[in-house]
Amino acid sequence: MSDQPHEISRSSQAARVAAVLGALIIIILVAAPWWAGRADMRLMGELFLYLALASLWNLMAGYAGLVSVGQQAYVGFGGYMLFALTIFGGLHPVFAIAGAGVLGALIAIPVATLIFRLRGAYFAIGTWVIAEVFRLSFAQLSALGGGSGSSLPVGIVRSLASSRSGRESLSYWMALGAAVTAITVVYLMLRSRRGLALTAIRDNELAAGSLGIDIWRTKFVVYVVASGLTAMLGALIFLQKLRISPDAAFSVNDWTAFVIFIVVIGGIGTIEGPIIGTLIFFALRETLADLGTTYLIVLGVVAIVVMLKAPKGVWGFIVERYDIQLLPLRYRVNVKEHAKR
Amino acid sequence: MDWVNAVVQGTLLGGLYALFAAGLSLIFGVMRLVNIAHGDLIVLGAYLGLTVVMATGLHPLLALVFVVPTMAAIGYVLQRGILNKTLGDDILPPLLVTFGLSVILQNLFLEGYTADPQKMNAGALETASVSVGGLSLGVLPLLTFGIAIFVIASLQFIFYRTPLGRSFRAVSDNQEIAQLMGLNKRHIFGLAMALALAVTAIAGILLGIRTSFDPTAGGARLIYGFEAVIIGGLGNLWGTLVGGVILGVAQTVGAKIDPGWQLLAGHIAFLVVLAIRPNGLFPRVSG
């Protein structure tokens, strides 16, 4: 067996096809302002932002074992930083978004050192406490409207682009860019040395630790990177909404519950899962949203059933069935067919 | 005197928080399950109480006679029907399933009871007070605190003095060996959840008499209960009472400084304890 000609590679036919198709889809999406209507662009922009949020949450929960129910802390923080940096700092919104990301990562450092003391499920609730502390603190800031919130001044909105369609195209492209960036960061991170460590931790934390992986440090880096990027997304989200209030900015339903559903239904611990999950989530929302509370109950039931019956989600099911990876992370051995004979 | 008053009122409030926490602490102790829907189950207790009061005209405290067994039954069925399937080495399934449960419960409340805040009317009990050494203490907060002590003492007794408690401790220590000794862990877990939700029912009714509640009130209650558990130390029931009191006092003293600081002060007290003593003040088991 051992002298059979074989090759070891990450890539596969499916992955190469997916790469070409992905590039084509991105080109078509970039051109959306020339072929899509205003409402469709808004919807797609929102979809991209959820895709980015879901990819980052999946990196934390699916790979680093950091199940957070408090990422709304960074969405809200980023949103508020956009308002603070543009209104008081006089920054251009695009720079303010980058600044929100940096500040989000910086504040994630002390937060991580504190809540990493909590294990497993308690960590999850600890993140929620942090989000509450952020919400209550921003509600105290009267300069940003206190509990009732504030709106982005017209001048700042205009500085983005002078025409309305220009602004809409720009925020659409930024949302698309955010989704592509988030997936790329996750993909590259997982293919790096650190990604190998992460996968090892996911599979067996004890074994990973005994092989010399610094578990705390690895998780810490993931948490800070994911939180910084989530803060950038928050800034983008509230640049589209133009209005911020503590309850909207730190909503556990909007920024965490939906994101968790997306990842669980699509397939946790896979890069492709959040993409599928986002598409399913938006398809459900566009068809069932009129049902109001019933829609959310259905969503909850679907998530529970998926978790119990198919814990790897839709994508996990597909992988098990057809053994394909579109964004390859694993190496595989391909034995050359002709040598077998 | 105002400050003494704030501390005393906060202590009594802590009794309610300890009741929020006791069920959480119990199920964590027995099966290492952290129930994200715990707060919503507290609110479920309050809504069930409201329904009984409206249907029968009973006093809310008497409604406990119906609500406690109902909640216990719900707990047993929930555990055996759904939650037992999630238990294992992986923490994700229980966390995400109870999270889904939380969303379902909140929306069922919305469907059944609308988004309007509701409150149970306990008549004269709500405003009655006794005067102790210049302080005016509400009878309801005193009663709540007394019930909290009684509930925690009972749980302590069940845990360490009864055959049921012995099986709780056995499955908690080692599930496989407990099974070999003839215990059915699925049944034991069901009983633990039933007991936890019985306590939750009491907490829910007292919550519903003390303040108004709405479908989304659960999240904050989960967080208070969780903070009380962590401050007191995992697995220590009396510690949980102390944790609840610390949280309550932090909130009332915070509110005294500035009304906007009430909730924030409680969370900050929790974070300070976490920074100084990560295992809580009186830890008994390691997380």
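User: When H6(B) passes H8(B), is the crossing left-handed or right-handed?

Analyst: A crossing is left-handed if the near helix is turned anticlockwise from the far one by less than a right angle, and right-handed if clockwise. Here H6(B) passes H8(B) in a left-handed crossing. Before going on: this is a predicted model, in which local features need pLDDT of at least 70, side-chain atom pairs count only at pLDDT 80 or more, and totals for chains, interfaces and linings use all residues. Residues are numbered from 1 along each chain as its sequence is written, while chains are lettered from A and ligands numbered from 1 in the order in which they are written.

User: At what angle do H6(B) and H8(B) pack?

Analyst: Axes are lines fitted to C-alpha atoms, for helices over the stretch in contact, and angles run from 0 to 180 degrees between N-to-C directions. Helix H6 (residues 163-173) and helix H8 (residues 185-210) of chain B pack at about 115 degrees, and their axes are 10 Å apart. H6(B) and H8(B) are therefore roughly perpendicular to each other (under 35 degrees is roughly parallel, over 145 roughly antiparallel, 65 to 115 roughly perpendicular, the rest oblique).

User: Which residues make that contact?

Analyst: Two residues are in contact if their C-beta atoms, placed from the backbone, lie within 7 Å. H6(B) contributes B:Leu164, B:Ser167, B:Phe168 and B:Val171, and H8(B) contributes B:Lys185, B:Ile188, B:Leu191 and B:Ala192. By class there are 6 nonpolar, 1 polar and 1 charged residues in this contact (Ala, Val, Leu, Ile, Met, Phe, Trp, Tyr, Cys and Pro count as nonpolar, Asp, Glu, Lys and Arg as charged, and the others, Gly among them, as polar).

User: How many helices and strands does chain B have?

Analyst: Helices (H or I, at least four residues) and strands (E, at least two) are DSSP runs, numbered from the N terminus. Chain B has 11 helices and 2 strands, and its elements run α-α-α-α-β-β-α-α-α-α-α-α-α from the N terminus on. The C-alpha trace of chain B spans about 60 × 50 × 35 Å along its principal axes.

User: What is the radius of gyration of chain A?

Analyst: The radius of gyration is taken over C-alpha atoms, and the globule rule is 2.2 Å times the number of residues to the power 0.38. Chain A comes to 16 helices and 4 strands. Its radius of gyration is 21 Å, close to the 20 Å that the rule gives for 341 residues, so chain A is as compact as a globular protein of that length. Chain B, with 287 residues, has 19 Å, which agrees with the value near 19 Å for a compact globule.

User: Within what distance do the axes of H3(A) and H8(A) come?

Analyst: The axes of helix H3 (residues 38-63) and helix H8 (residues 164-191) of chain A come within 9 Å and cross at roughly 20 degrees. That makes H3(A) roughly parallel to H8(A). Their crossing is left-handed. Among the residues that meet are A:Phe48, A:Leu49 and A:Tyr63 in H3(A) and A:Glu168, A:Tyr172 and A:Ile183 in H8(A). The residues of this contact divide into 18 nonpolar, 3 polar and 2 charged.

User: What is the angle between H3(A) and H14(A)?

Analyst: H3(A) and helix H14 (residues 272-288) of chain A pack at about 140 degrees, with axes 9 Å apart. H3(A) and H14(A) are therefore oblique to each other. H3(A) passes H14(A) in a right-handed crossing. The contact includes A:Tyr50 and A:Asn58 of H3(A) and A:Pro274 and A:Phe282 of H14(A). Its residues divide into 7 nonpolar, 5 polar and no charged.

User: How many residues of chain B are in contact with chain A?

Analyst: 34 residues of chain B are in contact with 32 residues of chain A. Helices H4 (92-113), H9 (218-232) and H11 (262-276) of chain B each supply at least two residues of the side of chain B that touches chain A. H4(B) gives the most, with 14 residues. By class, that side of chain B has 25 nonpolar, 6 polar and 3 charged residues. The predictor gives the complex an ipTM of 0.86 and a pTM of 0.89.
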